[in-house]
Amino acid sequence: MGTVVDDAASVEFHAFFERHYADLSRLAHLLTGESDTADDLAADALLALWHRWDRVRAADHPVAYARGVVANLARTRIRSAVRERRRIALFWSQREENTENPDIAGVVDVQEALRRLPFRKRACVVLRHAFDLSEKDTALALGVSVGTVKSQTSKGMAELQRLLGTRAVPQRMHVALGAPHCSPAVEGVRTGEGGGRDR
């Protein structure tokens with residue numbers, strides 16, 4: 001009997017993996033700005049989900065749960081990278097004068113601008129505008145209130161407008177990062193497909 005249950009769980013998880021892996025990898029890429037580690041982060045997130053699959057499959061919003069795990073892993077990755085960059089910068093500052101100005105004006109692409117946002121603002125902007133999630137779904141994924149999503153998204157978009165020198169930020173994000181309707185997994189979540197448990 002236990003084998004039947006385990007097999008059913010395995011089949012269900014495999015289907016979840018196939019449907020959402022690409023989008024979770026895309027989310028990791030947009031949050032970290034590192035395309036070469038995005039697949040690893042998505043895989044690590046799904047491995048963590050598999051270890052607690054009984055709890056995940058019983059959740060009202062398993063996709064939101066998965067996005068939250070990716071966001072947490074991305075945050076950890078970013079903090080680690082920041083610490084490493086600080087160590088490197090400290091080492092080289094003793095050897096040569098740093099003449100680079102981080103605020104040099106110029107054309108800044110969307111991903112570069114996103115990387116300049118604090119993590120929570122970046123996550124809210126990415127989920128709201130690159131993934132076209134509702135404020136409620138974004139709040140579920142990040143484990144914050146809808147009010148926090150509204151304020152962080154608004155502030156993040158204002159900062160992107162300043163960095164990019166345009167008010168057409170949502171349109172530029174869709175072009176640069178891929179419109180959400182191009183992703184079957186996200187489209188399924190938005191339209192309520194997939195059994196209704198992803199909403």
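Colleague: Quick one to start: are phenylalanine 16 and tryptophan 53 buried or exposed?

Modeller: Both phenylalanine 16 and tryptophan 53 are buried. Keep in mind that this is a predicted model.

Colleague: Where do phenylalanine 13 and tryptophan 50 lie?

Modeller: Phenylalanine 13 is in helix α1 (residues 2-32) and tryptophan 50 is in helix α2 (residues 35-51), so the pair ties together parts that are 37 residues apart in sequence. Phenylalanine 13 is buried at a relative accessible area of 12%, while tryptophan 50 is partly exposed at 35%.

Colleague: What about the geometry of phenylalanine 16 and tryptophan 53?

Modeller: They form an edge-to-face pair, 5.4 Å from centre to centre with 65° between the planes. Phenylalanine 16 lies in helix α1 and tryptophan 53 in helix α3 (residues 53-58), so this pair also ties together parts that are 37 residues apart in sequence.

Colleague: Which residues do the ring pairs link into a cluster?

Modeller: The cluster is made of Phe13, Phe16, Phe17, Tyr21, Trp50 and Trp53.

Colleague: Now a charge over a ring: what sits over phenylalanine 131?

Modeller: That is the charged end of arginine 26, placed 4.4 Å from the centre of the phenylalanine 131 ring.

Colleague: Changing topic to helix packing. At what angle do α6 and α8 pack?

Modeller: Helix α6 (residues 119-130) and helix α8 (residues 146-164) pack at about 95°, with axes 8 Å apart. They are therefore roughly perpendicular to each other.

Colleague: Which residues meet there?

Modeller: From α6 you have Arg120, Lys121, Cys124, Val125, Arg128 and His129. On the α8 side they meet Thr148, Val149, Gln152, Thr153, Lys155, Gly156, Met157, Glu159 and Leu160. By class, the contact of α6 with α8 divides into five nonpolar, five polar and five charged residues.

Colleague: Let's zoom in on glutamine 152. What does it touch?

Modeller: Leaving out residues up to four places away in sequence, glutamine 152 touches Arg120, Lys121 and Cys124. Glutamine 152 belongs to helix α8, and it is buried with a relative accessible area of 15%.

Colleague: How many residues of α6 are buried?

Modeller: Ten of the twelve are buried, so α6 is largely enclosed by the rest of the structure. Among the buried residues are Phe119, Arg122, Val126 and Leu127.

Colleague: What happens just after α6?

Modeller: Aspartate 132 takes a positive phi of about 60° there. Most residues other than glycine have a negative phi. Aspartate 132 lies in the loop between α6 and α7 (135-142), and counts as partly exposed at 34% relative accessibility.

Colleague: Last one: how do the axes of α7 and α8 cross?

Modeller: They cross at roughly 105° and come within 8 Å. The two helices α7 and α8 are therefore roughly perpendicular to each other. Glu135, Lys136, Thr138 and Ala139 in α7 meet Val146, Val149 and Lys150 in α8. That contact of α7 with α8 has three nonpolar, one polar and three charged residues.

Terms used. Residues numbered from 1 in each chain as written. Predicted model: local features only at pLDDT ≥ 70, side-chain atom pairs only at ≥ 80, totals over all residues. Heavy atoms only, no water. Axes fitted to C-alpha atoms, helices over the stretch in contact; angles between N-to-C directions. Helix = DSSP H or I, 4+ residues; strand = E, 2+ residues; numbered from the N terminus. Parallel < 35°, antiparallel > 145°, perpendicular 65-115°, else oblique. Contact = heavy atoms within 4.5 Å. Nonpolar A, V, L, I, M, F, W, Y, C, P; charged D, E, K, R; others polar. Buried < 20%, exposed > 50% of the residue type's maximum accessible area, 1.4 Å probe, protein only. Phe/Tyr/Trp six-rings, centres within 6.5 Å; stacked < 30°, edge-to-face > 60°. Lys NZ or Arg CZ within 6 Å of the ring centre and 35° of its normal.
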